[in-house]
Amino acid sequence: MPGLGSLVDAAENVPHQPLRHGHDIHDSDPRTRVRELVLRHGYNSNDFLALYDSWQYYVCDEPPGAVMYVKRGRTLIACGDPLTASENLPALLRGFVDHARGHGCRAAFLGASERLAAVAAGQGFGALKVGEEPFFDLADYAPRGDRAKKVRSAVNQARRSGVTTQLYRPADGLDAAIEAGARRICQAWQAGRPTGELGFGLTLEPFTAREVKRYVIARHDGRMVGFLACSPMTARDAYYLEDVIRAPDAPNGVTELLVLTALAALRDEGVRFATLGVAPLAGVERQPYGQYAVLRRALSFIRQHLNGAYHFASLNHYKRKYAPSFWEGSYLLYRPARMTPALAWSLVGAFTPESPLVSLRDTIRRRGSARAPTPRRPRAPRTALLTGMIALVATIGLMVSRTDAGEYNLPLLHLHLWIVLMITLGTLAIASGRRWVRPREEVGA
């Protein structure tokens, strides 16, 4: 199989579209130029997402590069790293900040690599670590030792069940039956998720730009029960194991078998690294570019209390059990370097195709419909009111907090995310409590 070098050769043959310096493109389709940049300079596991739908693009002709982003409120939120050579990162960062200012907005990068975080911190960006990403050095990786014994056990179980794997490379010829089977698995998987459709790169597009991807197919008794799609990160000589999807009734160990098969195939192809993507909120206790005491608590609170909907802990555990070769941080970069409620709300909105409140409502409904109906005792309004008052008291306590030097400060001038979260929880508790109360005649009064 040809390696990543063939992708660079293909990029050289893509017709170049001349663009003005700092041109913002969203009315026309710039994907020919963006594809060229992705296949040559893709470094971050998020970079390949630039070929998917729903992005706007800031494209610069000198130095050559591009930034994919969404606009939420008064924030332009870029995904991953700028698509450019490493030496051009400072210029692309400055250009994107100026571009955001020209639109009356602040600039932010979500899912930025450690490479970009180091450059951005030197330009006055806030750099908050929001997750960690596992990498495999395929030259010497093997799932040995106690750390990977669960993976080996799962793979052995899948093989004993009769699961087989098959490599599929669309560049060598399309297989309509494989792709139809994969789409059926995707539909079944999405139907069972507790959350609705998300945005900002969390959409499922396994066959977009299929000609440069690699796939592994899992079958059981001749029926497809899972698949894995790998997208290239050419600048790192790496592949991102982007979509690992199994059928709801697949035998145990199918996902582990898919991952190890993909790693072995990429190693045999001569690829150097592979990654499973970012584990959100992993390692946020360690912040290389600041203390971020309040924000660290806020991220820990989200990881603990929203785990039921987004499975932060289980996703982190799943990726660690493969015993990766090393981990790298994933960052939120923002300039001005000041976390505000408006910026926090924009970041939440980036992941929701509609408003965050609509997404929250749909998530609650989906989780409720997935559970067996059980009789509920009606809740009194005073219970919800008490919950809201407790949240407000906790908010006041957070407003008046001690600094590391033992002095008191009032962070009212830059309301931190903690305060916004607590007020929101109190308000939702009051509103939902009123809604849950049924009329008196319904409860036999």
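What covers the buried residues of helix 5? The model examined here is predicted, so local features are reported only at pLDDT of at least 70 and side-chain atom pairs only at pLDDT 80 or more, while totals for chains, interfaces and linings use all residues. Residues are numbered from 1 along each chain as its sequence is written, and side-chain values use heavy atoms, with hydrogens and water left out.

Helices (H or I, at least four residues) and strands (E, at least two) are DSSP runs numbered from the N terminus. Val151, Ala154, Val155 and Ala158 of helix 5 are buried, where buried means under 20% relative accessible area, exposed over 50% and partly exposed in between (1.4 Å probe, protein chains only). These residues cover an arc of only 100° around the axis, which puts them on the same side of helix 5; the arc is that of the directions from the helix axis to the C-beta atoms. An α-helix has 3.6 residues a turn, so residues three or four places apart point the same way. The cover over the buried residues of helix 5 includes strand 7 (163-168) and helix 7 (254-269), with contact defined as heavy atoms within 4.5 Å. Just after helix 5, Gly162 has a positive phi of about 95°.

A search of the whole structure gave 13 aromatic pairs. Rings of Phe, Tyr and Trp (its six-membered ring) pair if their centres lie within 6.5 Å; planes under 30 degrees apart count as stacked, over 60 as edge-to-face and the rest as tilted. The pair of Tyr289 and Tyr331 is edge-to-face, with ring centres 5.8 Å apart and planes at 70°. Tyr289 lies in the loop between strand 12 (279-280) and helix 8 (293-305) and Tyr331 in strand 13 (residues 326-335), so the pair ties together parts 42 residues apart in sequence. Tyr289 is partly exposed, at 34% relative accessible area, whereas Tyr331 is buried, at 3%. Ring pairs also link Tyr58, Tyr69, Phe96, Phe109 and Phe125 into a cluster.

Most residues other than glycine have a negative phi, and most peptide bonds are trans. Leu281, not a glycine, has a positive phi of about 70°; Leu281 is in the loop between strand 12 and helix 8 and is buried, at 9% relative accessible area. The peptide bond from Glu62 to Pro63 is cis, with omega near -5°.
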